[in-house]
Amino acid sequence: MGGFKHLVIVKFKEDVVVEDMLKGMEKLVSENELVKSFEWGQDVEGHEMLRQGFTHAFLMTFEKKEDYTAFLGHPSHVEYSTTFSGAIDKIVVLDFPINPAKPPA
C-alpha cells in the first residue's frame, strides 16, 4: 500500500470570496492527473478555542510522494499558490505518507 496526502488547513482573510477560492482549487485539481482524489470541507461544529480560527480543510491524495513533488512544481499549481497565499490569514500544511490501519485481530 502506498500513497501520499497533502492536507491544508486555512483561515481565509475577511474580504475573500471563499467560493472563488474553492472554484480555483477545484479547477486546479481537475486539470492535473497527478491528484488522485480531492476533498474539502468547512468547519461547522468545532469550538473556537480548539479550531483557533481555522475554517477550511483541503485534502489531496497522490499515488506516491514523487507525484506530490511533481505537482508542487507544476505551472498551474505555482500560479494558483500565489492567488491562494494572498487570500489566507493563517495556514497549516501537513504532507505525509498513507499508513493504513491494521485490521483488528
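In this predicted model, helix α3 spans residues 65–73, and its buried residues are Asp-67, Tyr-68 and Phe-71. Viewed down the axis of α3, these buried residues fall within an arc of 100°, so they line one face of the helix. On the face of α3 turned away from the buried side sit the exposed residues Lys-65, Glu-66 and Gly-73. And what lies over the buried side? The cover of the buried residues of α3 includes the strands β1 (4–12), β2 (35–42), β3 (56–62) and β4 (88–97), along with the helices α1 (18–30) and α4 (75–87).

The strands themselves come together in an open sheet of four, ordered β2-β3-β1-β4, with antiparallel pairing. At its edges are β2 and β4, each of which pairs on one side only. Neighbouring strands of the sheet are turned against each other by 15° on average, direction ignored. Helix α3 packs on this sheet, where it touches β1, β2, β3 and β4, and its direction makes about 120° with that of β3. Helix α4 also packs on the sheet, touching β1, β3 and β4, with its direction at about 130° to that of β4.

Strand β1 deserves a visit of its own. Seven of its nine residues are buried, so β1 is largely enclosed by the rest of the structure. Seven bridges link β1 to the antiparallel β3, and nine link β1 to the antiparallel β4. His-6 illustrates both pairings: Met-60 stands opposite His-6 in β3, while Asp-95 is the bridge partner of His-6 in β4. Phe-4, in turn, stands opposite Phe-62 in β3.

Terms used. Residues are numbered from 1 along each chain as its sequence is written. This is a predicted model: local features need pLDDT of at least 70, side-chain atom pairs count only at pLDDT 80 or more; totals for chains, interfaces and linings use all residues. Side-chain values use heavy atoms; hydrogens and water are left out. Buried means under 20% relative accessible area, exposed over 50%, partly exposed in between (1.4 Å probe, protein chains only). Helices (H or I, at least four residues) and strands (E, at least two) are DSSP runs, numbered from the N terminus. The arc is that of the directions from the helix axis to the C-beta atoms. Contact means heavy atoms within 4.5 Å. Two strands pair if DSSP finds at least two bridges between them. Axes are lines fitted to C-alpha atoms, for helices over the stretch in contact, and angles run from 0 to 180 degrees between N-to-C directions.
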